[in-house]
Amino acid sequence: MSSMATSGSEQPHILVFPYPAQGHMLPLLDLTHHLALQDFVITIIITPKNLQNLGPLLSAHPTTIHTLVLPFPPHPTLPAGVENVRDIGNPGNIPIINALGKLQDPIIQWFESHPNPPVALVSDFFLGWTLHLARRINIPRIAFFSSGAFVCSVLDECWSLLSALKESSSSAVDFPDLPGSPSFKEEHLPSVFLRCRESKPETDFVKDSLIANFSSWGCVFNTFDGLEGEYLRYLRKKVGHRRVYGVGPLSLLGIEERPDLENNHNCADVVAWLDECPDDSVLYVCFGSQKVLKRQQMEALASGLERSGVQFIWVVKTGKTEQVAIGDDVIPDGFEERVGRRGLVINGWAPQVLILSHRAVGGFLSHCGWNSTLEGVVAGVRILGWPMEADQHVSARLLVEDIGVAVRACEGAEGVPDPAELGNAIAQLMSGDAPEKMRAKKLRKKALAAVSGSGSTLNNLDELVRELRHLRKPVANDVVEE
């Protein structure tokens, strides 16, 4: 990939603003790492408790990546000390977005006093209000979408359907203008839209923020042409310019952090267990960093795994005391003894990428969060989907109906699968002749090709870098071309 070095004050300065949620922040930091390798100077806007997430990136780029640490603004519905969605769950998105909106003036003050102010702002799509910030300081804003192009197309269309949804008695919502004319149950639409259907000052702020995204100078998606090419083309036509870039899977372009197997016993034990398993025989079970399964869901899942006869790794989060007391996210008594060495239960954190990339792992029972989806795609495993909230139902449709690398196990945050049906679905998916197996292997090749040689991702990144290099420093009364 081309790299035109510049030096000193001539280095283009980019301002990056991640959203404080794991699934949003990690891919934007991977993109930031790539931009730093292209000789950009970068400042990351961050709040104090999220600063620790930047450790590997700051260590890798000590002279070119800087931070603008601003106090997290208080909000009446956020407990003191909460600065990240992981501390409060998905319902916290609306107050967190509103709270961060109060940082506009401190950012402008910093910008106006900087000797080498940024020429562009790259910010998460949950921070769409930063488009107005960028216009105030006369620099282009690039919307970074940590979710896929399909779900963001659906979300954008939802706002135009808002009035019709209020008057409709149908449970199905059609999207005739999108490729493939998809249809969804109303409760399967993106959670952030469902929470903003009623007009209130806080939800209106979020709605307006999200609508602003496609008016930005550019849009960057953590996806690739082989996965969502038709939706990227649709969005380029919708916004009326070519600055819509598919640059994923960004996990393949970020800082490579190899687990220390010698000193991390959790990793070492997992690898040792996997090394004893046949190729393509293990199902990996994990529902992301936030979702806590209720007792009935845990019992049904345990029974399904037991009935399947399949080898598996099951990641169980460490729940809060009150959750554990009622059996939420707790392995049923006697389960581990009954499955013996056929299953491995991991409590707390697990090295997901390491596990998925192991030759023994062939399947992934997942909530279909976008980062997990891409990690499964890169690993070439078939997916057993249990979408629950956020963008997961839309992503599951892409995987099941459009691409055919997944089947559904269950759906809904309150859903409880039938153990016998779940066990049968697991056994069928993990069988050697499952049609999803071959499709998953082919999709993996497309993902790797996208980030290799003249692949679509590298071409898009090259184009993005060229565009950023051509931006000039802002001058008072300039008008930024959108």
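**View 1. Ile46 meets Val69 of strand S3 as its bridge partner.** This is a predicted model, in which local features need pLDDT of at least 70, side-chain atom pairs count only at pLDDT 80 or more, and totals for chains, interfaces and linings use all residues. Residues are numbered from 1 along each chain as its sequence is written, and side-chain values use heavy atoms, without hydrogens and water. Strand S2 (residues 41-46) pairs with S3 in the parallel sense over 5 bridges. Pairing takes at least two DSSP bridges. Strands (E, at least two residues) and helices (H or I, at least four) are DSSP runs, numbered from the N terminus.

**View 2. An open sheet holds 7 strands with parallel pairing.** The order is S3-S2-S1-S4-S5-S8-S9. Strand S3 (65-69) and strand S9 (244-246) form the edges; each has a single partner strand, so one side of each lacks a neighbour in the sheet. Neighbouring strands are turned by 20 degrees against each other on average, direction ignored. Axes are lines fitted to C-alpha atoms, for helices over the stretch in contact, and angles run from 0 to 180 degrees between N-to-C directions.

**View 3. Helix H1 (residues 22-37) lies across strands of the sheet, including S1 (13-17) and S2.** Helix H1 runs at about 160 degrees to S2. Contact means heavy atoms within 4.5 Å.

**View 4. The largest nonpolar core has 98 residues.** Such a core joins buried Ala, Val, Leu, Ile, Met, Phe, Trp, Tyr and Cys residues through side-chain atoms within 4.5 Å. Buried means under 20% relative accessible area (1.4 Å probe, protein chains only). Phe221, Tyr284 and Ile313 touch the most other members. Helix H6 (residues 149-160) gives the most, with 8 residues.

Note on methods:
Buried means under 20% relative accessible area, exposed over 50%, partly exposed in between (1.4 Å probe, protein chains only).
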